[in-house]
Amino acid sequence: MKKILSLVLILVLTVTMLCACDSSEQQDSDTEKKTLTMGTNAEFPPYEYRDGNEIVGIDVEITQAIAKKLDMELKIEDMKFDAIVPAIVSGKVDIGVAGMTVTEERKENVDFTDSYATGVQAIIVKEDSKIKTADDLLKKGANVKVGVQLGTTGDIYCTDDLKANESGTVEEYDKGADAVQALVNGKIDCVVIDKEPAKSFVAENEGLKILDTEYLVEDYAIAVAKDNTELKTQINDALKELIKDGTVQQIIDKYIKAE
């Protein structure tokens with residue numbers, strides 16, 4: 001009888017310990033943070049770029065602040081710019097944050113949050129270029145060759161504008177830096193790209209300048225999947241708080257100094 005009682009007691013203790021372990025593991029699982037996966041293209045300083053092995057920049061810090069508000073762990077996936085929207089659609093990433101402008105073409109595949117920053121599409125030329133203003137790119141018969149980063153707003157608008165005005169052709173490059181190098185080598189006449197990375201490229205390459213006239217002014221927003229309305233609402237709520245308390249502007253001012 002004693003042996004039977006001892007055996008029963010051992011079994012009870014074992015079951016109790018197993019239940020306690022399961023409960024502890026369940027609690028750990030319940031408290032584990034959800035992951036917010038951000039698709040970006042780390043070739044767009046100061047919005048996103050590599051500092052050693054780390055991806056940094058305006059978009060990264062703003063998204064980190066959003067993730068913190070949502071009690072989520074941020075994960076960054078670096079990819080080609082034109083691969084970001086397909087990655088959102090396929091579910092590979094949750095959001096796209098890459099100095100991305102809201103366009104009708106993109107809205108066919110993804111939704112966008114409220115805007116968090118304003119960007120300017122600038123024109124980079126050689127210092128002795130005959131191109132003086134944005135209008136020079138749109139004169140019929142100008143036969144200009146414009147370099148752009150594939151899939152960017154500069155690509156979208158320049159392709160449409162030059163075709164409509166019969167004023168030239170667009171050369172697409174995977175990286176903005178590649179387009180700038182093509183300009184330096186005389187393969188194209190100018191580059192249309194966001195003004196902030198344009199400043200970096202001009203600083204790194206002698207003989208280039210940014211025209212005073214802008215090609216386009218645009219608002220940047222975060223891309224999300226069309227069926228993920230809950231995440232879009234959560235991000236918008238977080239953005240409103242971060243804009244109101246000055247966090248977003250502080251991040252932008254950290255990277256972009258007033259001229």
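Helix axes here are lines fitted to C-alpha atoms over the stretch in contact, and the angle between them runs from 0 to 180 degrees between N-to-C directions. With that in hand, the axes of α2 and helix α9 (residues 247–255) come within 9 Å and cross at roughly 155°. The model is predicted.

**Helix α2 against α9**

- An angle over 145 degrees counts as roughly antiparallel. At roughly 155°, α2 and α9 are therefore roughly antiparallel to each other.
- The crossing of these two helices, α2 and α9, is right-handed.
- On the α2 side, the contact is made by Ile58, Glu61, Ile62 and Ala65. On the α9 side, Thr247, Val248, Ile251, Ile252, Lys254 and Tyr255 take part.
- By type, the residues of the contact of α2 with α9 are seven nonpolar, one polar and two charged.

**Helix α2 against α8**

- Helix α2 spans residues 58–69, and helix α8 spans residues 229–244. Their axes come within 9 Å and cross at roughly 110°.
- Angles of 65 to 115 degrees count as roughly perpendicular. The pair α2 and α8 is therefore roughly perpendicular.
- The α2 and α8 crossing is right-handed.
- From α2, the contact uses Ile62, Ala65, Ile66 and Lys69. From α8, it uses Ile235, Ala238, Leu239, Glu241 and Leu242.
- Seven nonpolar and two charged residues make up the contact of α2 with α8, with no polar ones.

**The nonpolar core**

- The largest nonpolar core holds 43 residues. Within it, Ile95, Ile124 and Ile222 touch the most other members.
- Helix α2 supplies the largest share of this core, six residues.
- Which residues does Ile222 touch, not counting residues up to four places away in sequence? They are Ile66, Ile95, Gly96, Val97, Asp111, Phe112, Thr113, Tyr116, Ile235 and Leu239.

**Backbone details**

- Most residues other than glycine have a negative phi, and most peptide bonds are trans.
- The peptide bond from Pro45 to Pro46 is cis, with omega near 5°. Pro46 sits in the loop between β2 (43–44) and β3 (48–51).
- Asp71 is not a glycine, yet its phi is positive, near 55°. Asp71 belongs to the loop between α2 and β5 (72–78).
- Glu166, also not a glycine, has a positive phi of about 50°. Its place is the loop between α5 (153–165) and β9 (168–173).

**Exposure and position**

- Is Asp71 exposed or partly exposed? Exposed means over 50% relative accessible area. Asp71 has 48%, so it counts as partly exposed.
- Glu166 has 52% relative accessibility, so Glu166 counts as exposed.
- Lys195 is partly exposed, with a relative accessible area of 27%. This lysine, Lys195, lies in helix α7 (residues 195–204).
- How far apart are Lys195 and Val217 in sequence and in space? Lys195 and Val217 are 22 residues apart in sequence and 9.9 Å apart in space, C-alpha to C-alpha.

Definitions and conventions: Residues numbered from 1 in each chain as written. Predicted model: local features only at pLDDT ≥ 70, side-chain atom pairs only at ≥ 80, totals over all residues. Heavy atoms only, no water. Helix = DSSP H or I, 4+ residues; strand = E, 2+ residues; numbered from the N terminus. Buried < 20%, exposed > 50% of the residue type's maximum accessible area, 1.4 Å probe, protein only. Parallel < 35°, antiparallel > 145°, perpendicular 65-115°, else oblique. Left-handed = near helix turned anticlockwise from the far one by under 90°. Contact = heavy atoms within 4.5 Å. Nonpolar A, V, L, I, M, F, W, Y, C, P; charged D, E, K, R; others polar. Core = buried A, V, L, I, M, F, W, Y, C linked by side-chain atoms within 4.5 Å.
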